[in-house]
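Trainee: I would like to learn how to read a few features of a structure. Could we take them one at a time?

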Amino acid sequence: MELAVQLGQTVLNALAYLGSLATLSFRAAYYTLVAPFQGKPVRMQRAVTQAMQVGVRALPILSLITFFIGLILALQAAYELKKFGAMNFVASAVAISMSRELGPLITAIVVIGRSGSSFAAEIGTMKVTEELDALETMAINPIRFLVTPKFIAMVIMLPCLTIWANAMGVLGGSLFGVTKAGFTFLSYLNATADALFLRDIVSGLIKSFMFGITITAVGCQEGLSTGAGAEQVGRSTTSAVVISIFLVIAVDLVFTAMFFFLGGQ
Amino acid sequence: MSGSLSPLNEKAPPAISLRNLRVSYGDREILHGVSFDVQQGETLVILGGSGSGKSTLLRTLVGLERPTSGEIWIKGKNLATVSNDDLDYIRRHMGMSFQGGALFGSMTVGENVALPLREHTKLEDPTIDIMLRLKLDQVGLSGYEDYLPSQLSGGMKKRAAVARALAMDPEILFFDEPSAGLDPIIAAGIDELILELKQAFHMTIIVVTHELASAFLIADRMVLINKGDVVALGTAEEMRTSTHPRVRQFLDRIAEPAVSQELDYLQMLTEERHGNRR
């Protein structure tokens, strides 16, 4: 009985948390899509600054990681394909795994580590130092001023980063393909292009768009719900990362299943 | 000090009117029915020890906390039941200087002060620039617009925060512990700044503090809050000569600040344990 009550409470809390994320996302969507027509323009300058931070500055580390992932995928695929003498399928194995799954996922995880955590830390610190209160007393809505530019930056930059990650993964795979699987660089790229359908790339991009919303919502929500005191900022940052990773993978599962069952594959 | 103003003020409606204000955090009631008026152009100091509810009162006055019951009338609107749009309207006529300054760390002092103007007005950049310099000049920070808050000393941060609070030419200015964390000389400078603002703009100023010296210097009237109730309300002179035991206790405590804080803390703890008194 005790257990059932606790379980019920946990489920309720989880649902309430998801509700708060959805509310935050919808409010950001309202300030992006509706409010500008009511004379409350979006802070584009802040969104661009965020986009630089979220996107451009993530490129070096993301490139390196996804290059390695592409190479690892090629090696792992070759291990099995070699048995069938089908080494020429290495290119398509890498291309499809990257664009449908690992490109969006690895990008999301890198962005969680860099930006999701920093959203929580930034907003959490502002809460602790009364800066959020200061915004409110100046009649400036913190959601519009702080959260919305982060959403805009994230839902634009995450798909862009994902495309870049896919390309770097293919490049990583080609290193193996060219040196060990008898491809030339050009033939590897041709094999990649032949293997990929538009839906592979698009399904990955749809996922990455959803990941962007998830990461921003969790990061900002954790920041906004920071308690009093500096140590609470650390707690918010940690839980932003942990919850984001979990939810991104959950969202990934939902969308992968949806594409599988609705896509008729 | 405000003698020349008072005849006019008596006819004018109060700037802020509190009626039986109750505020709770969760189950714990912090303010147990506070009522008083703040006249236009007067400086009211809210005094009280730690945990007395004075900060909660201030947060409620600027709309950061919603009361559980009672009324707060400002500019013809009741803050207790006001819509968000009306609250924003009232807030554009208020300025608040927070205890730690609450300047935005990622923006320069100039950007901080100009923020309300950029958000709420359609002024061109050159105009905003001029207003920004005026505001910084008023608080004695001319030439600091390109500094980051982290490059300023504690006193300068407070001044910058006051400049930001002044940006929209508010009718009511709120200060949360203006001298907290400052050395006596810098704190005296802030007191002087408050007096200057009062004389120059005839603003309604509300200051929350537990610094008695500062309170007696700047206040037209004072209100002493203890455990969520108004204990006494009157001019500085009336407070000084008051025989009310709580007032005496509070005023006489200045001789032993360390002990008084401990007592306050213990009192707060026992109060929590016994729950609400009402």
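Trainee: Which residue in E2(B) does Leu18(B) stand opposite?

Mentor: This is a predicted model, so read everything here as computed. Strands of a sheet pair through backbone hydrogen bonds, either parallel or antiparallel. In this case Leu18(B) has Phe36(B) of E2(B) opposite. Strand E1 (residues 16-25) of chain B and E2(B) run antiparallel and are joined by 8 bridges.

Trainee: What is the order of the strands in the open sheet of chain B?

Mentor: The 4 strands are arranged E2-E1-E4-E5, and the pairing is antiparallel. At the edges stand strand E2 (28-38) and strand E5 (77-78) of chain B; each has a single partner strand, so one side of each lacks a neighbour in the sheet.

Trainee: At roughly what angle do the axes of helix H3 and helix H6 of chain A cross?

Mentor: The axes of helix H3 (residues 59-81) and helix H6 (residues 142-180) of chain A cross at roughly 45 degrees and come within 7 Å. H3(A) and H6(A) are therefore oblique to each other, and their crossing is right-handed. Among the residues of this contact, 18 are nonpolar, 7 are polar and none is charged.

Trainee: How many residues does each chain bring to the contact between chain A and chain B?

Mentor: Chain B brings 15 residues and chain A brings 10 residues. On the side of chain B that touches chain A, helix H3 (84-91), strand E6 (94-97) and helix H4 (109-120) of chain B each supply at least two residues. H4(B) gives the most, with 4 residues. That side of chain B divides into 9 nonpolar, 2 polar and 4 charged residues.

How values were computed:
Residues numbered from 1 in each chain as written. Chains lettered and ligands numbered in written order. Predicted model: local features only at pLDDT ≥ 70, side-chain atom pairs only at ≥ 80, totals over all residues. Axes fitted to C-alpha atoms, helices over the stretch in contact; angles between N-to-C directions. Parallel < 35°, antiparallel > 145°, perpendicular 65-115°, else oblique. Left-handed = near helix turned anticlockwise from the far one by under 90°. Nonpolar A, V, L, I, M, F, W, Y, C, P; charged D, E, K, R; others polar. Pairing = 2+ DSSP bridges. Contact = placed C-beta atoms within 7 Å.
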